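The following note sets out, point by point, what may be read from the model shown below. Please keep the structure in view while reading.

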Amino acid sequence: QVQLVESGGDLVQNGGSLRLSCAASGSIFSIDAMAWYRQAPGKQRELVATITTNSANYADSVKERFTISRDNAKNTVYLQMNGLKPEDTAVYYCNARLKTTDEWFFQDYWGQGTQVTVSS
């Protein structure tokens with residue numbers, strides 16, 4: 001059993017900052033990549049940022065404003081969001097591609113989501 005628990009979502013003013021956290025727990029053997037996605041009302045879920053052991057990648061809309069980082073010892077991924085804009089308003093979901101102690105293949109796990117609202 002694996003759980004991903006996000007935290008840090010909040011209401012913030014235009015130009016403000018937030019830091020999201022996502023901790024993975026359970027029978028984890030190995031984590032490959034971790035990522036943040038977001039879904040705004042009436043829109044499809046979109047990839048915000050991903051991080052592996054060697055690299056991080058960002059959607060064009062958040063480059064230079066958001067930073068993804070990872071603490072492997074804690075199985076935790078963070079998303080530092082600066083210069084927030086109203087169009088960043090969405091539910092933010094954590095994703096981890098991992099292998100449990102009971103499986104021989106990697107698969108995706110998701111958190112429950114955390115709401116980020118940016119007021120204009």
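Predicted model: local features only at pLDDT ≥ 70, side-chain atom pairs only at ≥ 80, totals over all residues.

**Notes on salt bridges, strands and loops**

1. Lysine 63 and aspartate 60 form a salt bridge, their closest N and O atoms being 3.2 Å apart. The term salt bridge is used here for a side-chain nitrogen of Lys or Arg within 4 Å of a carboxyl oxygen of Asp or Glu. Lysine 63 is partly exposed, at 42% relative accessibility, whereas aspartate 60 is exposed, at 66%. For these words, buried means under 20% relative accessible area, exposed means over 50%, and partly exposed lies in between (1.4 Å probe, protein chains only).

2. Residues are numbered from 1 along each chain as its sequence is written, and side-chain values use heavy atoms, with hydrogens and water left out.

3. How many salt bridges does a search of the whole structure find? The search finds five. One of them joins arginine 65 to aspartate 88, with the closest N and O atoms 2.7 Å apart. Arginine 65 lies in the loop between S6 and S7, and aspartate 88 in the loop between S8 and S9, so this pair ties together parts that are 23 residues apart in sequence. Both partners are covered: arginine 65 is buried at a relative accessible area of 13%, and aspartate 88 is buried at 1%.

4. A further salt bridge brings together the side chains of arginine 38 and glutamate 46, at 2.6 Å from N to O. Is arginine 38 buried or exposed? Arginine 38 is buried, with a relative accessible area of 5%, while glutamate 46 is partly exposed, with 35%. Arg38, Glu46, Arg65 and Asp88 are linked in a network of salt bridges.

5. The chain as a whole contains zero helices and 11 strands. In these counts, helices (H or I, at least four residues) and strands (E, at least two) are DSSP runs, numbered from the N terminus. Buried residues make up 42% of the 120 residues in the chain.

6. Four strands form an open sheet with antiparallel pairing, in the order S1-S3-S8-S7. Its edge strands are S1 (2-7) and S7, each of which pairs on one side only. Two strands are said to pair if DSSP finds at least two bridges between them. Within this sheet, S1 and S3 pair over six bridges in the antiparallel sense, and valine 5 stands opposite alanine 23 in S3.

7. Strands S9 (residues 90-100) and S10 (residues 107-110) also pair in the antiparallel sense, over four bridges. They form a hairpin with six residues between them. In this pairing, leucine 98 stands opposite glutamine 107 in S10.

8. Which loop holds asparagine 14? Asparagine 14 is found in the loop between strand S2 (11-13) and strand S3 (18-26). Its relative accessibility of 46% makes asparagine 14 partly exposed. The C-alpha atoms of asparagine 14 and serine 120 are separated by 5.3 Å, although these residues are 106 residues apart along the chain. Not counting residues up to four places away in sequence, asparagine 14 touches Leu84, Lys85, Pro86, Val118, Ser119 and Ser120; a contact here means heavy atoms within 4.5 Å.

9. Such links can also be viewed over the chain. Among its contacts between residues at least 6 apart in sequence, 57% join residues at least 24 apart.

10. Glutamate 64, in the loop between strand S6 (56-58) and strand S7 (66-71), has a phi near 75°, a positive value in a residue other than glycine. Glutamate 64 is exposed, with a relative accessible area of 80%. Asparagine 75, in the loop between S7 and strand S8 (76-81), has a phi near 50°, again a positive value in a residue other than glycine. Asparagine 75 is partly exposed, at 23% relative accessibility.

11. The overall dimensions complete the note. Along its principal axes, the C-alpha trace of the chain spans about 45 × 25 × 25 Å.
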